[in-house]
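Open your viewer and switch to a cartoon view. We will go from stop to stop, selecting one thing at a time.

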Amino acid sequence: MRRDRADQSHWAAKKRVTLVGLAANGVLAVGKVIAGVAGQSQALVADGVHSFSDLASDGLVLVAVRWGSESADQNHPYGHARIETAATAVIGVMLMVVAAGFIMDASARVLDPERLLSPGWLALVAAVISVLINEGLFRYTLHVGQATGSSLIKANAWHSRSDALSSLVVIAGVAGTMIGYRWLDLIAALIVALMIGRMGWRFLAQSVVELVDTGLSEARERKLDELIRSVHGVRDHGSLRTRQMGGRILMDVEVVMDGDLSLSAAHEIAHRLERHLLDQVPELDDVVVRMQPPSSDDGA
């Protein structure tokens with residue numbers, strides 16, 4: 001049994017929030033790079049390129065959520081949600097590449113102190129504005145991601161949060177440099193790069209786990225076991241298999257019922273179990289129940 005989902009309405013919400021993100025990140029990227037160059041802050045320039053990566057990821061998200069919202073068809077009987085998962089992995093790789101570039105640039109400046117910059121008030125004001133915009137964008141995007149159950153939209157929300165946090169680091173680095181600690185801007189740039197790289201690795205790892213059909217954790221499967229056994233008419237269950245797809249859960253289970261039940265009675269119990277699982281587990285999108293009578297070892 002598959003849960004009914006309003007994929008088209010979800011697509012509209014995802015499209016709207018992603019377009020807002022595209023506009024905001026376009027303004028932030030250009031503004032921070034210009035302010036970073038004019039204000040002589042390597043950390044702010046790094047943060048501006050981070051916003052350009054946000055801009056690129058927003059474009060990727062827009063394409064992915066459109067395809068991922070397509071209904072199931074003959075070639076994709078489980079839908080197209082894995083497209084979002086693959087796009088999330090690409091975003092992760094993009095972030096890691098951006099981080100590596102900044103780490104190499106910062107390392108080169110360590111070896112050549114004459115290349116250290118001296119940021120001023122322009123860089124500081126630009127970083128403060130960036131924090132405010134990105135924090136608002138994070139909250140809006142995360143709300144939409146949770147409402148639609150989209151792991152890709154939620155990943156993009158945390159992408160915005162990482163940009164807000166990196167701008168906070170830039171503020172600290174620029175302020176420290178302005179009072180005489182010239183190395184702080186460089187240290188801030190390195191911290192921003194490490195934050196970007198860590199976030200990219202997290203997105204990539206989560207996506208790979210889903211793409212190779214990793215099942216739910218033991219704790220979550222124990223919860224499913226309790227729900228299955230709580231349905232009247234189910235004596236036991238055998239094979240329980242789960243996998244994830246675009247933030248949703250797919251499962252199938254083999255349940256043991258009394259051997260003297262009629263086919264219609266057994267079917268009614270299976271239907272009741274499916275509905276119970278879908279009602280109790282919001283992320284569960286599809287469940288298949290197979291029925292079998294007890295074996296002789298069960299005392300039947």
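In which helix does Leu-168 lie? Select Leu-168: the residue lies in helix α5. Helices here are DSSP runs of H or I with at least four residues, strands are runs of E with at least two, and both are numbered from the N terminus.

Before moving on, know what you are looking at. This is a predicted model, where local features need pLDDT of at least 70 and side-chain atom pairs count only at pLDDT 80 or more, while totals for chains, interfaces and linings use all residues. Residues are numbered from 1 along each chain as its sequence is written, and side-chain values use heavy atoms, with hydrogens and water left out.

**Stop 1**

Is Leu-168 buried, partly exposed or exposed? Leu-168 has 44% relative accessibility, so it counts as partly exposed. Leu-168 and Val-131 are 37 residues apart in sequence, yet their C-alpha atoms are 6.7 Å apart in space.

**Stop 2: the α4 and α5 pair**

Select residues 121-148 for α4 and 151-178 for α5. These helices pack at an angle of about 160 degrees, and their axes are 8 Å apart. Axes are lines fitted to C-alpha atoms, for helices over the stretch in contact; angles run from 0 to 180 degrees between N-to-C directions. Therefore α4 and α5 are roughly antiparallel. (Under 35 degrees counts as roughly parallel, over 145 as roughly antiparallel, 65 to 115 as roughly perpendicular, and the rest as oblique.) Their contact has 20 nonpolar, 8 polar and 4 charged residues. Nonpolar covers Ala, Val, Leu, Ile, Met, Phe, Trp, Tyr, Cys and Pro; charged covers Asp, Glu, Lys and Arg; the others, Gly among them, are polar.

**Stop 3: the sheet**

Zoom out. The chain has 8 helices and 3 strands. Find the open sheet, with the order β1-β2-β3 and mixed pairing. (Two strands pair if DSSP finds at least two bridges between them.) Its edge strands are β1 (236-245) and β3 (284-292), and each pairs on one side only.

Next, select β2, residues 248-256. β1 and β2 run antiparallel, joined by 8 bridges. Pick out Met-245, whose bridge partner in β2 is Arg-248. Then pick His-237, whose partner in β2 is Val-255. On to β3: β2 pairs with β3 in the parallel sense, over 8 bridges. There, Val-256 stands opposite Gln-292 in β3.

How many of the 9 residues of β2 are buried? The count is 8, so β2 is largely enclosed by the rest of the structure.

**Stop 4: α7 and α8**

Select both helices. What angle do α7 and α8 make as they pack? The angle is about 135 degrees, with the axes 10 Å apart. That makes α7 oblique to α8. Show side chains: Leu-224, Leu-227 and Ile-228 in α7 meet Leu-273, His-276, Leu-277 and Gln-280 in α8. (Contact means heavy atoms within 4.5 Å.) By class, this contact divides into 5 nonpolar, 2 polar and no charged residues.

**Last stop: the whole chain**

Show everything. Buried residues make up 45% of the 300 in the chain. Take contacts between residues at least 6 apart in sequence: 74% of them join residues at least 24 apart.

Key
Buried < 20%, exposed > 50% of the residue type's maximum accessible area, 1.4 Å probe, protein only.
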